[in-house]
Amino acid sequence: MHLLSFAPGPARTDGEASNPGPGGSQRFRRRGPRSWASMDRRRQRLSAKQSATSAAAGLTADSFVLLLINLRGWTSHHAELLARIKLLNVKPDLICVNESNLNLATKSIELEGYEVIKRLDRRADKGSGGGVLILASSDIAGSVTFLEEGSGTDERIWVTVHSTHGPHLVCCWY
């Protein structure tokens, strides 16, 4: 390893140790492996730093749970969906719904513990049925960003789920 030093050379200082130049008092880490104690202290500092930023990031786990369901009608089946979610051991962080069968007549929808990120109803020229919907758990809804919906005839919603491990791209497509 070559270290670049801006200190004056011995010829310019007559070997004066009292004039080490800029950065001369800097102590470099000793060579060799870190001790177990120092590695443990470093892990604790990093985890404390990560937990401090996790409140802003929302999603801190190594993974998240995604539920994809073909509901075949929000109006007639959302109570059944809520009952099934309550029976699950692990609650989904995101719910992607196909065939929501919603139209402009339904102004808003709600599901206990979840927030609607985006809803895309079936386009009028395609007849009845269809539609897609993404819901996020209230715990992470602030970490989910709507990106775009499909163009033309497809029914597609893209979102980004931000976490401490980076962004995750999710698409609900019917």
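The structure is a predicted model, in which local features require a pLDDT of at least 70 and side-chain atom pairs count only at pLDDT 80 or more, whereas totals for chains, interfaces and linings use all residues. Residues are numbered from 1 along each chain as its sequence is written, and side-chain values rest on heavy atoms, with hydrogens and water left out.

Lys118 forms a salt bridge with Glu149, the closest N and O atoms being 3.4 Å apart, where a salt bridge denotes a side-chain nitrogen of Lys or Arg within 4 Å of a carboxyl oxygen of Asp or Glu. Because Glu149 belongs to strand β5 (residues 144-149) and Lys118 to strand β3, the pair ties together parts that are 31 residues apart in sequence; helices (H or I, at least four residues) and strands (E, at least two) are DSSP runs numbered from the N terminus. Glu149 is itself partly exposed, with a relative accessible area of 31%.

Six salt bridges are found in a search of the whole structure. Another of these joins Lys86 to Glu112, with the closest N and O atoms 3.5 Å apart. Lys86 sits in helix α3 (residues 74-87) and Glu112 in the loop between β2 (94-98) and β3 (114-120), so this pair links parts that are 26 residues apart in sequence. Glu112 counts as exposed, at 53% relative accessibility. In the salt bridge between Arg156 and Asp154 the closest N and O atoms are 2.5 Å apart, and both Arg156 and Asp154 are buried.

Strand β3 also holds Glu115, which is partly exposed with a relative accessible area of 40%. Leaving aside residues up to four places away in sequence, Glu115 touches Ile134, Leu135, Ala136, Ser138 and Ala141, contact meaning heavy atoms within 4.5 Å. The C-alpha atoms of Glu115 and Asp139, which are 24 residues apart along the chain, are separated by 9.5 Å.

For the protein chain as a whole, the secondary structure comes to three helices and seven strands, arranged along the sequence in the pattern α-α-β-α-β-β-β-β-β-β. Among contacts between residues at least 6 apart in sequence, 58% join residues at least 24 apart. Buried residues make up 30% of the 174 residues, and the chain exposes about 12,000 Å², of which carbon and sulfur atoms supply 53%.

On the surface, Arg34, Arg41, Arg42 and Arg45 gather in a patch of positive charge; such a patch is made of residues with over 30% relative accessible area and no salt bridge, like charges being joined within 9 Å. Arg41 is placed in helix α2 (residues 36-57) and is partly exposed, with a relative accessible area of 47%.

Backbone geometry was examined at two loop positions. Most residues other than glycine have a negative phi. Arg72, in the loop between β1 (66-70) and α3, has a positive phi near 55° and counts as exposed at 57% relative accessibility. Asn101, in the loop between β2 and β3, likewise has a positive phi near 55°, and Asn101 is partly exposed, with a relative accessible area of 31%.

Notes:
Patches are made of residues with over 30% relative accessible area and no salt bridge: like charges are joined within 9 Å, nonpolar side chains (Val, Leu, Ile, Met, Phe, Trp, Tyr) within 5 Å. Accessible areas come from the Shrake-Rupley method with a 1.4 Å probe; for residues, only the protein chains shown count as cover. Lys and Arg count as positive and Asp and Glu as negative; His and the chain ends are not counted. The place of a charge is taken as NZ of Lys, CZ of Arg, CG of Asp or CD of Glu. Buried means under 20% relative accessible area, exposed over 50%, partly exposed in between (1.4 Å probe, protein chains only).
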